[in-house]
Amino acid sequence: MLAILRHPTFARLFAAQIVALVGTGLLTIALGLLAYDLAGPQAGAVLGMAYTIKMVAYVGLSPVMGALVARLPRRAVLIAADLIRFGVALCLPFVDSVAQVYGLIFVLQAASATFTPTFQATIPDILTDEAEYTRALSLSRLAYDLENLLSPALAGALLLFVSYSGLFVGTALGFLLSTLLIWQTSLPGRTDTKERPFLQRVTRGGWIYLATPRLRGLLAYNTAAAAAGAFVLVNSVVMVRETYGLGETGLAVAMGAFGAGSMLSALLLPRLLDQVPDRPVMGAAALALSALTLLHGAVFWLGGALSWPLFLGVWMLTGVLYSAVLTPSGRLLRRSARSEDRPAVFTAHFALSHACWLVTYPLAGWSGVKFGLDGSLIVMGTVALAATLVGRFLWQAAPAEIEHEHTNLPDDHPHLIKHGGRRHSHAIVIDDEHHVWPTQG
């Protein structure tokens, strides 16, 4: 997998991703400490609102920002977004009210909602070979998991020498290094040269996404992963502290087991996806993840909590299946849009997948309080299973090329000339010539 880093452009972009992720990890720790300084016992409510602002910015702003920067050079967009995040990180140590925190977090997440989809849509234009791109996706998944594991340890080490305000400086340095790496990298230019109205640019990615059966299935599978993952991220601290009576070290071990499972899956997936198509891999992983969450809840409800080692094993297996659902997403997005539409489609996926989390995060917290941890596991497992079944219905096996007929194109249209007449077969993507998916030939 590491052989992909021999590609110089990708290697620099991956390095930029790593340093930005480290900065983001430090920001998470520093933000919690800042919230406690400003709000004391109400810090949890402050952080909850900050994360809600993050999700709202991701879901609501990313399509708009994507449309605004659609005609701008990619490198300029990435650098500008990183510089905005750099500036916000430098401002955070000087805030003295919760309202200022909310305002700065909104600006930072608006920049991230611009940066991340643009970054993700650039990679398939750099790595045109699908096997290489698959390994890049797995490497990116590993980077996210390592950041979740290592950033708290790095923050703890830094706090031995500096106050938490120093962590914001570390965050700013991460974004600045990311800026410098991108500035030194030559990126492919935009391929969409067609002028479109602003509203069409805002909605085009969502239209393509929701008109493509495999992407509708992908969204359903993302919902399943978000349901199971939200329980882990929201309720692990309650499980560890209340059910097992352990402290912060126990929580670190539990989240480490989940992260280790996710990394193991990312390491194994490239070889598996070389042999098996995405659909059966993702469908089986989503079904197994739903069943595991439901089974854990049923055993907990009927017989009490699992032993600590068995609980860690369940969390590790949850991480394996969670990553197996999410990691191949980029392959489907790349396959489902023309190069000029990829930024819009990646942006649509970014917004819609975060909308799943916007629903499942509060549901996991509410159900844990209302029904207990065992009941919450059953609720989230049921949501995951329902989403998986919807995904299997929406994304059914289909031939690589679909026979279809164009009745509304002129006889001299380049598409008809290229494919030899009005009725022909080829791989379908939703575009200006194919407004709907041909289901009846």
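1. Start of helix 5. A side-chain oxygen of D129 comes to within 3.2 Å of the backbone nitrogen of A131, at the start of helix 5. Helices here are DSSP runs of H or I with at least four residues, strands are runs of E with at least two, and both are numbered from the N terminus. A polar contact is a pair of N or O atoms within 3.5 Å; within protein, one must be able to donate a hydrogen and the other to accept it, and residues adjacent in sequence count only if both atoms are side-chain atoms.

2. Basis of the note. This is a predicted model, in which local features need pLDDT of at least 70 and side-chain atom pairs count only at pLDDT 80 or more, while totals for chains, interfaces and linings use all residues. Residues are numbered from 1 along each chain as its sequence is written, and side-chain values use heavy atoms, with hydrogens and water left out.

3. Course of helix 5. Helix 5 covers residues 130–158, 29 residues in all. From first C-alpha to last it reaches 40 Å, close to the expected 42 Å. The expected span is 1.5 Å times one less than the number of residues. Helix 5 bends by about 35° at L150, and the proline P152 follows within four residues. A bend is the angle between axes fitted to the seven residues ending at a residue and the seven starting there.

4. Helix 13. This helix runs over residues 342–394. A straight helix of 53 residues would span 78 Å, but helix 13 spans only 22 Å between its end C-alpha atoms. Helix 13 bends by about 130° at F371.

5. N235. This residue sits in helix 8 (residues 213–243). N235 has a relative accessible area of 5%, so it is buried; buried means under 20%, exposed over 50%, and partly exposed in between, with a 1.4 Å probe and protein chains only. Its side chain has a polar atom 3.2 Å from the backbone oxygen of A364. The side chains of N235 and S376 make a polar contact at 3.5 Å. Beyond four places in sequence, N235 touches A230, A364, L373 and S376. Contact means heavy atoms within 4.5 Å.

6. Cavities. There are two cavities of 30 Å³ or more. On a 1 Å grid over the protein atoms alone, a cavity is a set of points where a 1.4 Å probe fits but cannot get out; a pocket is an open set with protein on both sides within 12 Å along at least five of seven lines; lining residues have an atom within 4 Å of a point. Grid points are joined across faces, edges and corners, and a volume is the space filled by probe spheres set on the points.

7. Second largest pocket. It holds about 710 Å³ of space. Of its 25 lining residues, R214, Q396, A398, P399 and W437 are the closest to its centre. Helix 8 and helix 10 (278–303) each supply at least two lining residues.

8. H406. The residue lies in the loop between strand 1 (402–405) and helix 14 (414–419). H406 counts as buried because its relative accessibility is 4%. A polar contact of 3.3 Å links its side chain to that of H404. The H406 side chain also reaches the backbone oxygen of E433 at 3.5 Å.
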